[in-house]
Amino acid sequence: MNKNIMIVGVGGQGSLLASRILGYAALEKGYDVKVSEVHGMSQRGGSVVTYVKYGDKIHSPIIDKGEADAILSFELLEAARWLPYLRKGGTIITAEQRIKPMPVITGAKVYPDQIIEKIRAKNVTLISADTLSIARQGGNEKASNVALIGLATQALGFDAENIRQAIIACVPAKALKANLAAFEIAYNSAAAL
Amino acid sequence: MKELMLGNKAVARGLYEAGVRLVSSYPGTPSTEITEYAAEYDEIYAEWAPNEKVALEVALGAAVGGGRAFCAMKHVGLNVAADPLFISAYTGVNAGLVIGVADDPGMHSSQNEQDSRHYAIAAKLPMLEPSDSSECLEFVKIAYDLSEEFDTTFILRTSTRIAHSQSIVTTNPRIEHPIRDYKKDPSKYVMMPSNARGRHVVVEERLKALTDYAEKSPLNRIERGRDNKLGVIVAGTTYNYAKECFGDSVSYLKLGIVNPLPPKLLADFAASVERVIVIEELDDIIESYCKKIGLKVEGKNLLPNIGEFSAELIAERVLGKKTEAISLDDEIPVRPPVLCPGCPHRGTFSVLKKLRLIVSGDIGCYTLGAAPPLSTMDTTFCMGASVSALHGFNKIRNEANKTVAVIGDSTFMHSGITGLLNITYNKGNATVVIVDNSITGMTGHQQNPSTGYTLKGEPAPLISTEKICAAAGVDPAHIRVADPYDMDALEQVLREELAFDGPSVVIARRPCALLKYVKREPALTVDPEKCKSCRACMSIGCPSISFIDNKAVIDPSLCVGCRMCASKCRFDAIN
């Protein structure tokens, strides 16, 4: 069994932390793990993607088109952009946030409408939530990345406790309370779906 | 102990375990974190040098002085450090010296896609290439032992996907290596013609000995496949992609030593399979070598010499496999990187755009000033080139009142100072704008000589940019400081200095908006009653402002309250 998870979003949204939490959780379950990150220029508001792969033996650190079991997306347009990487029968877990890229802001391009409905129309399972307000309820808007993980935990086949321990290991102490709170709210909301 | 570790962190761990005493580097994606993680070990003295040439010379001095030393850089950093690199092949080392160089195929964060293996060949230095974090750690330790055994600098080549991927490593304790004796030996360390002639002989003999070592080294290994129809020659990242693509069905010659290459091992491997494909990113270095020694191999006839590889690419080009993918019918707009909300560079570029200047640009976050809607950069060559190239441009075109150089504080320290000296010494007429955000931004907030702190976070002498410019010959009356958030004041200062016939420096100073000590102000809002839809606020290219129903709207999750848009609004609609 090999699992391929992509985490996509806009540079600065916290995809590095999210990938580290999932990587840590997979390692704790005894899997071979590879996590591929993006640093540098794309982190300045560009489209960013990180890969988390785990299983018996992982070779390539990156995920190719049609190979992702799940895509976690911090932003709707990014979910649409990386959709070709999802395998048939895969799941998208996405935040409902929309961040306009510069070509849309300048009016050169149009931000597509109805992205959630259009992805579902492709026979893709899609889970979505307003992770920003979940994080705000938990005490810190910046924890929306961990809220997304909470939303995805069940779909990815992780135990809540496994992820909780990974959050404790990866999140700096002063931000831990808000992150754990965001995780719990999101996890419970996904369970209620 | 087993843990998940970033390739760069694993290199740093290898340095620790190998008993390395000194690390000197200049930051550059994707190499930066090696030095940051190395600095976390008390046993290692680690520093940011102002540039890669200085860093490598520091490391070479330390190795000759008897302590194991290291220097990290990105591929273009090796261009800057090429001078000491080549000479270190002649002098050899005393204690081990390893250079970590990180290539960036696909140009995730670089201005070109150069293949550092050419340097190893040209400088006649051995080069190792790991495939994952575990090999990063192990290869570093082996490199130090070999560096001392063969008395030579070693190069450790990684690429973005090795440097920035995490995989599992097993850590071990540090092994201390006492500082070696230093013996005066001018015939080895003073590279003047009479001595260097003798050392060149040593270099050639050493390369032969290293080739013999490469033939039998465990760093080069063969993995036999199920049959002998296809054999692939791989190194670094391509081993992982090939494994993912072919599994155990083909034979692998995995090269951990990419220079010098082992002719006999390559020939034996080629003879053991019906067809051989060399899978290498960027240039055809292994393939050309195989052909030079008479082997029949394929490579770049199938695979590109541009961009990154993947298992998918190899499957498509070698096996003819096509991937089926789901996609939406809509056009998905690209999302290029942009200056962050609140970025002080935005104020500088807005003014430069308004003044319609020709802008000689440089390398850093501010290179993003080239992107629409600011589109305010005419050239970007390499570190420091903004200042020196502007001098040449102005000497030819004689319109210095319409041109500026834009360079960051760290890049100015790296290689802008010499360009400024050239302007003053040669009676040039140029205006240099130093966008001083008090940190090395793009690589993720590294200290530099103008920030007042060392890599280890200790207070350091604060080197004054103003005083350096004055010492370089710029009249202090024409070294001006302005706040880029106050665009009117900056514009006034720039107009005055552009009108001045002689060298001038304008320091646009305000700390990076992402620095922890910079307070984020509450998000601004637009009063739709007052908004006249004039789009003046849009001209600054802030990602938090957009137009909805023909009125400006600010995204509160992005806005940091810098007020630059508000200062553009003539109707007081933004507050």
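**Note on the structure**

1. In the largest nonpolar core, which has 172 residues, the members that touch the most others are A:M6, A:I21, A:I71, A:A182, B:L15, B:A59 and B:V140. A nonpolar core is here a set of buried Ala, Val, Leu, Ile, Met, Phe, Trp, Tyr and Cys residues joined through C-beta atoms within 7 Å. A residue is buried if 20 or more other C-beta atoms lie within 10 Å of its own, exposed if 12 or fewer, and partly exposed in between, with C-beta atoms placed from the backbone. Helix α1 (residues 15-28) of chain A gives the most to this core, namely nine residues.

2. The model is predicted: local features need pLDDT of at least 70 and side-chain atom pairs count only at pLDDT 80 or more, while totals for chains, interfaces and linings use all residues. Residues are numbered from 1 along each chain as its sequence is written, and chains are lettered from A and ligands numbered from 1 in the order in which they are written.

3. B:V140 touches B:V11, B:G14, B:L15, B:A18, B:V98 and B:L156, leaving out residues up to four places away in sequence; contact requires C-beta atoms, placed from the backbone, within 7 Å. Apart from the core of point 1 lies another, of 69 residues, which includes B:C365, B:V505, B:V506 and B:I545.

4. Helix α1 (residues 7-17) of chain B is mostly covered, with ten of its eleven residues buried. Among them are B:V11, B:G14 and B:L15. Helices (H or I, at least four residues) and strands (E, at least two) are DSSP runs, numbered from the N terminus. After α1(B) comes B:G19, whose phi is positive, near 80 degrees.

5. Leaving out residues up to four places away in sequence, B:A163 touches B:G7, B:N8, B:P30, B:S31, B:A102 and B:T158.

6. The contact between the chains takes 49 residues from chain A and 45 residues from chain B. On the side of chain B that touches chain A, β8 (165-170), α11 (237-246) and α14 (311-319) each supply at least two residues. Strand β2 (residues 32-36) of chain A pairs with β8(B) in the antiparallel sense over two bridges; strands count as paired if DSSP finds at least two bridges between them. A:S36 has B:S165 as its bridge partner in β8(B).

7. In chain B, four strands form an open sheet of mixed pairing, in the order β9-β11-β10-β13. The edge strands β9 (220-223) and β13 (275-278) each have a single partner strand, so one side of each is left without a neighbour in the sheet. Strand β10 (residues 230-234) of chain B runs parallel to β13(B), joined by four bridges, and B:V232 stands opposite B:I277.

8. An open sheet of six strands in chain B has parallel pairing and the order β15-β14-β16-β17-β19-β18. Its edges are β15 (379-380) and β18 (479-482), each with a single partner strand, so one side of each lacks a neighbour in the sheet. Strands β16 (residues 403-408) and β17 (residues 431-436) of chain B pair in the parallel sense over four bridges, and B:V406 stands opposite B:V433.

Definitions and conventions
Two residues are in contact if their C-beta atoms, placed from the backbone, lie within 7 Å.
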